[in-house]
Amino acid sequence: MRVLRGFWSLVTLNGKVMVGSGIVGFFVLVAILGPLFIHQNPLKFTSALLEPPSAAHWLGTNQGGQDVFIQLVVGTRTSIFWAFLTGVLVVIISVTVGLLSGYLGGIVDDILSLITNVFLVVPALPLAILAVEYFARTELTIALIVAFTNWAWGARVLRAQTLSMRNREFVTAARSGGERTWRLIFFEILPNQLSIVAASFITTTIQVLLAVAGLEFLGFGDSATVSWGNMLFGAYNDSALLLGAWWWFAPPGLCIALLGSGLALLNFGIDEIADPRLRREPGLKVLKKQKAVA
Amino acid sequence: MRHLIRRLSIYLLAIWAAITLNFFLPRFAPGNPAEVVFYRLAQHGEASPATLNALEAEFGINTTDSLWVQYLKYLNNLIHGQLGVSITYFPNNVSDVIGQNLPWTLVLLSVSVLISFLLGSLIGVFMAWKRGSAFDTIFSSLMTFFYSILYPWLALMAVYFLGYSLGWFPFSDAYDVGTVVPGWSIDFILSAAYHAILPALTIVVSTIAGWMLTMRNSMITTLSEDYVLMAKAKGLTSRRVMFAYAARNAILPSVTGFAIALGSVVGGQLLVEIIFSYPGIGYALYQGITNQDYALADGVLLLVILATVFMNLIVDLLYTVLDPRVRQERSA
Amino acid sequence: MMENNPGTQPLLEVQNLSVDYAASNGIVHAVTDVSFTLHRGEVLGLAGESGSGKSTLAFAISRLLRPPALIASGKVIYHPRLRADQQQFEQSTLPVNVLDLTSEELRSFRWNELAIVFQSAMNALNPVMTIGAQIMDVLKTHRPGMSGEARKQRAIELLRLVGIASDRLKSYPHELSGGMRQRATIAIALALNAEIIIMDEPTTALDVVVQREILTEILHLREQLHFSVIFITHDLSLLIEMADLIAIMYAGRIVERGTQRDLYLRPRHPYSYGLIHSFPTLHGPRRRALGIPGSPPDLRAVPLGCAFHPRCPLAFGACTTHLPALRPVTAGSESEQQAACHLYDVRFTSEAPTTQTIAAQYAALAEGSGTR
Amino acid sequence: MSFSPQEATTSGSEIASEPILEAQHLQKQFPLRRLNPFGPKRAVRAVEDTSLALYPGRAMALVGESGSGKTTIARMLARLYTPTTGTLSFQGQPVGANLRAYRRNIQLIFQDPFSSLNPVHDVWYHLSRPLKLYKHARNNVEVTKQALALLERVSMTPGEQFLHKYPHQLSGGQRQRVAIARALAVQPRVLLADEPVSMLDVSIRLDILNLLLRLKEEEQLALLYITHDIASARYFAEDTLVLYAGQMVEGGPSEEVIQHPKHPYTQLLLSAAPDPDRLVAGKGLAPLPARGEIPSLVTPPSGCRFHPRCPSAMPVCKEHFPPRTDLGAGHWTHCFLYGDGSGTAFGGNGTTKE
């Protein structure tokens, strides 16, 4: 109960966090519960070809007569699942690299930051295409390759943070008190970086969501799976544009943008909580009426 | 100097890593890409056993050369600009295809990235300066939505609504193929500009939010610095305080961010070109991918990586000019 | 050029100034009902600990407060004088309320009449602009008629004035040592011959030797250029050596003010006494000193009555209920010493305590804690 | 009242006990990274040839400006830095590789109580770690009991009220008390206090200094007090050692060093220190005998590093670092103006007191 209340107060602390978690929460709920209400194979072909939205097909049908709404709901689960899973994977890599590189310094840091910098310089999408084209087209391949090409940014941020924190006096104090290195890293430094890790997880998830959808759009996805990116691939390849079937390609992209906005809001909110300078002060409204302030 | 040499070594390593990855991946990947390509060529009726041999050499199959010899040969070919033969545009060389498409990409990319960066940063400056105003609130909301938009989707929407339905702008090709001839004529330039509007708009809209956000946050942090307060206390005009003191410093993290974001912008550009059938290297890449034309696709990707690394170097140089602290380290 | 004796003509009168901070859990009074007068050519010292409101007061006077701070009430009256040598922000000698200036008037008031030296020169200088450019910036804005060459000459002259070689004109702030940077900010402050220079802990970040050099420099420049100084610091021992008048702040209010001599030799407010004796001495007997028990108050919960009463060894009943006002410590004396303490209010005490009485009470307190 | 600094300020000969911690010829260089591996090796020469000894129940002050190497010395004594050369011995035994055993006896107190406590941990956690690490407490019940006792010892009563507070809920003085309690939890014999009050409000500084003095007397702790404020060195420590740019310039009984400074740098430091008594004596700010700032320690001046600023510098000062000259009563200095007739006396009474 206390945990729940703590969570609630955290969420309501900041307007952006509130709206953001509302949006993300909605999509997560759809991803978990949505498919339970759908008893139809989303890939089933019917004879109702290219129908615009109607009561029977809320978002119309595509060229194969498949129901776009049903695909969207089922795709929500796939897309969110893989985005979050990849996000977690990326964060694990970046936290490990960032903390080790920043804390240990020396030759370990030299090597790790060199690799990090190389990955920062190389554009992620072309590198991912280069890597993905020779492998089997599955969602897992995409997840692994996206993780492989997107971890560097988070690692760089965490390294910089760790580096500045390593010389903070409380770490030196704990060290001179006789604490072991792993305890210094995980009990003294890491807890202070949770907001950064959270922010980096969210930013990464947005990146990953877009990167996965981008690769799927290029046709590297598993065509037997329904996801937002695969829907876009299908729509584009089957000339939805020329057929004028906006209901086919608009919804999946909109969902990506909305989920991304929700995540972005969460992220901005966390930034504001962590850096009070970004917060809007409550007294601002009063102030405008005050003549004496420049 | 130190700083630049360190950066240079990173760039060289990045290029080497990309090239090496490109060499080894097809050799260790499951299956035989040479055969795939060969069968595709066979469908076009352009395959002979000699072609298969050439292809197998390219992918390192059925060759007596050791891996190292192959690697060195591959590097040698690269240095001489030989990226192999394209199947899609058979019998053209990949380098010729890229050479034809590259200018379109470069012009479109540089124009739209510059507009996006400058405009986004400028809006960010004003958002921070007028924090809490209607201007800030409206752009903040827009920024949140466009922050995480998928390039190809935005492109599809633009093509469908602004191009296809309303018919305001052309939405395929880089110029009116039927009526104008490429050259330095007014007609051609106007036509090219007209055709570039939608793709450029797509790139600007999908990247601008990032610059706005970076600049706004950085500017807010800078505005609370003492030197901005002192500039105000000195009685300088608002414009001077805002630009010469606050924005001039706030732009520094933005420039660093610019380098990092370049990669994703370039990736986005490739996708946008596909949707607009814009004859840049993104379009060539798509041809390569859909036709399993590995030589073409890999050539484009390598070039893109190389170009991005090069642009990073330019941004680094720019940063050195902008920040005297780094400049001093260079001379030290 | 200086036709009046220092200390006779009022230059800046602060009247009942209050500054509030709008915090999420209500309003915090950072500065409450502060009044004082700065005369021409005077060095006024403002001393206080963190949270005493001394810096907020300085920012309020110069109208540089940032949200969520706001000026709740009060006036800051500035008495301009005609100066033949330069452009004036207003062509009259009528007093003006700085808080009523329009933004254009304010812009012209700033630096022409009032300049500021900030605490950390490293942070107060624009890191991407040369020192010279930051000086010439002021001249360009406020002296539009000046030629580029004249601006440059003036900048060199200013740097020389504070002891910086002219070849430093093209240096960036990070290329200078800490002491040099602070000198450069002083040079900027002198650029327009401002009447008032507010110095907000200008030497706190510096080492003792450099600190002393710069203080000597400031006093020397004042002799030459006749500006007035409001000098803000937490280090009372510095003020005693260099200020003409000292005001001591506690929890947003002035609790005592007087000449430097009076304050050092005969502090009247128990807080002033405690603060002066919080500094170990270099000479004389080494005796146990106690400082002041307890901590400065949290401004979100300032004690009722006199804010100092929980820490005061001489507190009595009235201190917990009635707010003391500043009043002369000895009725009818020519000295300007004033203290906000009920011990000097005939309504509460028949006989005002001497410094010795306060010392004895503090000593008793030390005795008590020694056996703890 | 147990405080009587004068009694403790005895001449060096009366120190009865053996030093508990002794440092001999400590030197520390921080190598700088080189771009060119064949180029000259560069290093920050932070501390040169420093020897000092700490005694139980006595305090020694290290006085110097920023860049003088005082913090580096403290961190070498705490073995947070490994000395480049020199030896450390604890109770006559050389300090070996077992740092945890060493740290059982030596504890450090930091300058900034706002950063020396971890913002995510409460007071109980901060005190529990040393108690558990050094096995002074076996379980959480014992930790709580001992934590309360520790809070009591640093005058934070009632302790229950503070036990579960986080650093941001405490005032600066309270945080520094918690930091001291954390150091005491180890049950050390030596406390190294690195500017323990310079970040605190003026009025509560003496309170913390008095607390440390009480601990020194009650528990016979050996104290090293690092400060830039020479007046507080006089208040706090029996002995004072003055550092300039990584070199020891003068040392001895505090009263002796401060009232009769011999080294030109010590004299400069004293004339720059705020001294309201000068106001009473007559005219305001006294002119300084020298100007300038501490030189770069990457390319420090040769010989005595003070020579470029020294008003009495002689050619020999550029050549060598002066040897130690004993001035009697435990007072010594490294300056060519004294001893061996290699220079003339400086600053009036150059002779020793005997």
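Predicted model: local features only at pLDDT ≥ 70, side-chain atom pairs only at ≥ 80, totals over all residues.
Student: How do strands of a sheet pair?

Tutor: Through backbone hydrogen bonds, either parallel or antiparallel. Start with strand 1 of chain D, residues 21-31. Strand 1 pairs with strand 2, residues 43-54, in the antiparallel sense over 8 bridges. One bridge sets D:L21 against D:L54.

Student: Which strand is joined to strand 1 of chain D by 5 bridges?

Tutor: Strand 4 of chain D, residues 85-90. The two run antiparallel. Here D:E22 has D:S89 as its bridge partner.

Student: In what order do the 8 strands of the open sheet in chain D stand?

Tutor: The order is 6-7-8-3-9-10-12-11, and the pairing is mixed.

Student: How does strand 6 of chain D run against strand 7?

Tutor: Parallel, with 4 bridges joining strand 6 to strand 7, residues 190-194. Find D:I106; opposite stands D:V190.

Student: Now the contact between chains A and B. How many residues does each chain give?

Tutor: Chain B gives 50 residues and chain A gives 44. On the chain B side, several helices supply at least two residues each, among them helix 8 (186-223) and helix 10 (238-275). Helix 1 of chain B gives the most, with 10 residues.

Student: What kinds of residue make up the side of chain B that touches chain A?

Tutor: That side has 34 nonpolar, 13 polar and 3 charged residues.

Technical notes: Residues numbered from 1 in each chain as written. Chains lettered and ligands numbered in written order. Pairing = 2+ DSSP bridges. Contact = placed C-beta atoms within 7 Å. Nonpolar A, V, L, I, M, F, W, Y, C, P; charged D, E, K, R; others polar.
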